[in-house]
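Have the viewer open and follow along.

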Amino acid sequence: MTARRRFRDVIRIGPVQVATSYDDRGRDKHTAACTAPRCGFSADYDSRAAAELAARTHRCQI
């Protein structure tokens, strides 16, 4: 069963969106996800800085 996340503090760096949410144990998780068509990049990180770094260095493979 998938959990519905409520994202907050959403920013956009190029085609990548970075947002913060709570995981199922109530801890902060930071997500970076590319919004380009057919890219499929997304990852969860423990720190906001790591998620923003991934967004800044992401290059789509398309």
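## Pairing in the sheet

T20 stands opposite H30 in β3. Bridges like this one are the basis of the pairing: two strands pair if DSSP finds at least two bridges between them. Helices (H or I, at least four residues) and strands (E, at least two) are themselves DSSP runs, numbered from the N terminus. This is a predicted model, in which local features need pLDDT of at least 70 and side-chain atom pairs count only at pLDDT 80 or more, while totals for chains, interfaces and linings use all residues. Residues are numbered from 1 along each chain as its sequence is written, and side-chain values use heavy atoms, with hydrogens and water left out.

How many bridges join β2 to β3? There are seven, and the two strands run antiparallel. Strand β1 is joined to β2 (residues 16-22) by four bridges, again antiparallel, and I11 faces V18 of β2 across that pairing. Four bridges also link β3 to β4, which run antiparallel; here A33 has S42 of β4 as its bridge partner.

## The sheet as a whole

Put together, four strands make an open sheet in the order β1-β2-β3-β4, with antiparallel pairing. The edges are taken by β1 (8-13) and β4 (42-45); each has a single partner strand, so one side of each is left without a neighbour in the sheet. On average, neighbouring strands of this sheet are turned by 20 degrees against each other, direction ignored. Axes here are lines fitted to C-alpha atoms, for helices over the stretch in contact, and angles run from 0 to 180 degrees between N-to-C directions.

## Loops and positive phi values

The hairpin of β2 and β3 has five residues between its strands, and G26 there takes a positive phi near 85 degrees. R27 is in the loop between β2 and β3. Not counting residues up to four places away in sequence, R27 touches S21 and Y22, where contact means heavy atoms within 4.5 Å. R27 and D46 are 19 residues apart in sequence, with their C-alpha atoms 9.0 Å apart in space.

Two residues other than glycine also have positive phi values. D9, placed in strand β1, has a phi near 55 degrees. R38, in the loop between β3 and β4, has a phi near 65 degrees, and with a relative accessible area of 72% R38 is exposed.

## The helix on the sheet

Helix α1 (residues 48-57) lies across β1, β2, β3 (28-34) and β4, and runs at about 160 degrees to β2. Which residues of α1 are buried? They are R48, A51, A54 and A55. These cover an arc of only 130 degrees around the axis, which puts them on the same side of α1; the arc is that of the directions from the helix axis to the C-beta atoms.

The buried residues of α1 pack against β1, β2, β3 and β4. The face of α1 turned away from its buried side carries the exposed residues A49, L53 and T57.

## Core and strand β3

The largest nonpolar core has seven residues: I13, V16, V18, A32, C34, A51 and A55. A nonpolar core is a set of buried Ala, Val, Leu, Ile, Met, Phe, Trp, Tyr and Cys residues joined through side-chain atoms within 4.5 Å. At least two residues of the core come from each of β2, β3 and α1. Leaving aside neighbours within four places in sequence, A32 has contacts that include V16, V18, F41, Y45 and A51.

Strand β3 is mostly covered, with five of its seven residues buried. T31 lies in β3 and counts as buried, at 11% relative accessibility. Beyond its neighbours within four places in sequence, T31 is in contact with R5, F7, Q17, V18, A19, A43 and D44. The side chains of T31 and D44 are joined by a polar contact of 2.7 Å. A polar contact is a pair of N or O atoms within 3.5 Å; within protein, one must be able to donate a hydrogen and the other to accept it, and residues adjacent in sequence count only if both atoms are side-chain atoms.

Note on methods: Buried < 20%, exposed > 50% of the residue type's maximum accessible area, 1.4 Å probe, protein only.
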